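Below are my entries, in the order in which I looked things up.

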Amino acid sequence: MVSNEQRETPTQNLAGIVEVPVHYMRGGTSTGVVIAEHWVPKDETLRRELLLHLMGAPLSGQQKGNRQITGLGRGVATSNKIFLASVEDSPTGRQLVSTLAQLASDHGEIDWSVNCGNMSSTLPLWAIDTGLFQIPASGEIEIKIRNTNTNVVTITRMLRDVHGMLVTADIPGVSGSYPRVDLFLQSPVGSKTGALLPTGSVVDSIDGYEVSCVDVAVPMVIMDAKSFGKTGHEPIAELEADADFMAAFRHVWIEAGLKMGLRRRDGELISRAELERSETIPKACIVGAAIHGGNISVRYFTPQTGHASMAVSGGCCLAAACLIPGTVAHKLAQGIIQPSVAYSDVDVGIENPAGRLDATVVASDNGGNIAIQSVAYRRNTQILMRGHVPLYRASAALVGTLIG
């Protein structure tokens with residue numbers, strides 16, 4: 001195996017091209033890059049330039065139809081993610097710090113507003129592979145991750161069996177069994193808005209459509225599929241090809257996003273124009289009755305594009321919404337045991353195009369007032385490649401920062 005020093009040292013080859021060390025990884029149903037934050041420039045302009053080079057996104061303006069053939073991105077939002085990762089000491093011990101950059105294929109704007117539950121599962125494996133954390137010869141390792149986008153702390157667990165092999169798991173949307181990661185989101189309520197119900201209501205009416213706006217791990221607009229003439233079981237491609245549906249769906253989530261009072265990183269309210277091109281918030285979905293043994297069915301959007309399965313952060317939010325009396329999700333959910341006065345585990349099976357996402361909500365119910373302590377989900381992850389990415393088009397300023 002390549003040493004940590006070799007793997008984490010930028011080099012300049014004979015052609016004078018600066019190279020940056022990265023891990024190219026898959027977490028759940030997302031792919032992207034994990035890079036040690038100390039290699040990333042602190043200057044925002046140079047940081048943005050580096051990340052755009054890595055993923056093959058346009059450095060400026062719009063480039064419709066860009067296939068990202070010069071970088072590691074692959075068109076859809078779920079394959080355009082970069083985690084900047086570091087280590088810090090906390091009162092409870094050493095932990096990882098993660099910052100997610102969400103890129104797009106056709107423009108150079110980077111969204112720093114949300115976390116990604118799928119890609120978060122890459123981080124403990126990255127930390128072990130780079131030698132930042134040691135996993136015992138057998139048994140479990142628990143690594144805490146503080147995400148700067150949402151200020152949510154996730155506790156991750158990986159296991160070795162008695163033979164020293166990483167324990168694996170199968171998940172919907174991924175063919176085969178890969179290293180298992182269990183993730184527990186702590187205090188996930190109000191990740192972006194500070195409230196479980198950002199509008200103050202369990203249900204809001206937007207141009208005749210009833211929606212529930214919920215913020216658990218990620219802010220999301222949950223809509224009844226039936227109100228759009230849908231079932232919540234349609235193939236994503238069929239929904240995206242329905243221009244009338246997409247226009248109505250898009251209008252509702254933008255209006256709901258404004259009603260939620262979502263804010264940018266600088267604290268200013270997100271404008272309508274910013275919501276219209278947002279790649280990350282609010283997430284949006286249509287839901288229907290489950291038909292394959294789960295508790296609810298969903299078709300999920302990120303929000304600009306449909307998701308081939310179900311993002312775990314969105315799954316955690318939807319699972320929590322299923323417990324809140326009066327929400328669109330609660331009305332459609334079947335077979336869920338409501339929490340008791342004491343905190344207890346409530347399992348929610350979410351049917352999606354790839355199968356079923358199982359989430360666990362640790363919640364209590366005090367006279368209809370739902371309190372959520374944490375939410376948990378299971379993913380698997382893998383290292384697709386580790387190495388260096390040459391930056392052929394880097395500016396002189398970026399090169400100077402990286403090798404300075």
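**Entry 1: cavities**

A cavity is a set of points on a 1 Å grid over the protein atoms alone where a 1.4 Å probe fits but cannot get out. Grid points are joined across faces, edges and corners, and a volume is the space filled by probe spheres set on the points. The model is predicted, so I noted its limits: local features need pLDDT of at least 70, side-chain atom pairs count only at pLDDT 80 or more, and totals for chains, interfaces and linings use all residues. Residues are numbered from 1 along each chain as its sequence is written, and side-chain values use heavy atoms, with hydrogens and water left out.

The largest cavity holds about 120 Å³. I counted 18 residues in its lining, with Lys81, Cys116, Lys283, Thr302 and Ala311 nearest the centre. Lining residues have an atom within 4 Å of a point. Strand 4, helix 3 (117–120) and helix 8 (312–321) each supply at least two of the cavity's lining residues. Helices (H or I, at least four residues) and strands (E, at least two) are DSSP runs, numbered from the N terminus.

I sorted the lining of the largest cavity by class and got six nonpolar, nine polar and three charged residues. Ala, Val, Leu, Ile, Met, Phe, Trp, Tyr, Cys and Pro count as nonpolar, Asp, Glu, Lys and Arg as charged, and the others, Gly among them, as polar.

**Entry 2: pockets**

Next came open space. A pocket is an open set of points with protein on both sides within 12 Å along at least five of seven lines. The largest pocket has about 720 Å³ of space. Its lining has 23 residues, and Glu109, Ile110, Asp111, Trp112 and Arg265 lie nearest the centre. Which element gives the most to this lining? I found helix 2 (residues 44–55), with four residues. The lining of the largest pocket has 12 charged, seven polar and four nonpolar residues.

The second largest pocket has a volume of about 350 Å³. I listed 26 lining residues for the second largest pocket, with Asp182, Asp358, Thr360, Tyr377 and Arg378 nearest its centre. Strand 15 gives the most to that lining, with five residues. By class, the lining of the second largest pocket has 11 nonpolar, five polar and 10 charged residues.

**Entry 3: helix 2**

I went back to helix 2. Nine of its 12 residues are buried, so helix 2 is largely enclosed by the rest of the structure. Buried means under 20% relative accessible area, exposed over 50%, and partly exposed in between (1.4 Å probe, protein chains only). Among the buried residues of helix 2 are Leu46, Arg47, Glu49 and His53. Their cover includes strand 1 (19–27), strand 2 (30–36), strand 16 and helix 10 (396–403).

At the start of helix 2, a side-chain oxygen of Asp43 comes to within 3.1 Å of the backbone nitrogen of Thr45. Just after helix 2, Gly56 has a positive phi of about 75°.

Is Thr280 buried or exposed? It is buried, at a relative accessible area of 0%. Thr280 sits in the loop between helix 7 (272–276) and strand 12 (283–288). Beyond its neighbours within four places in sequence, Thr280 has contacts (heavy atoms within 4.5 Å) with residues including Asp111, Thr302 and Pro303.

Most peptide bonds are trans. The bond from Ile281 to Pro282 is cis, with omega near -10°. Thr302 and Pro303 are also joined by a cis bond, with omega about 10°.

**Entry 4: exposed loop residues**

I checked phi next. Ser187 is not a glycine, yet its phi is positive, about 45°. Ser187 counts as exposed, at 59% relative accessibility. Asp207 has a positive phi too, near 50°. Asp207 is exposed, with a relative accessible area of 58%.

Last, I looked up Asp266. Asp266 lies in the loop between helix 6 (243–260) and helix 7. At 52% relative accessibility, Asp266 is exposed. A 2.6 Å polar contact joins the side chains of Asp266 and Arg264. A polar contact is a pair of N or O atoms within 3.5 Å; within protein, one must be able to donate a hydrogen and the other to accept it, and residues adjacent in sequence count only if both atoms are side-chain atoms. The side chain of Asp266 also reaches the backbone nitrogen of Glu268, at 2.9 Å.
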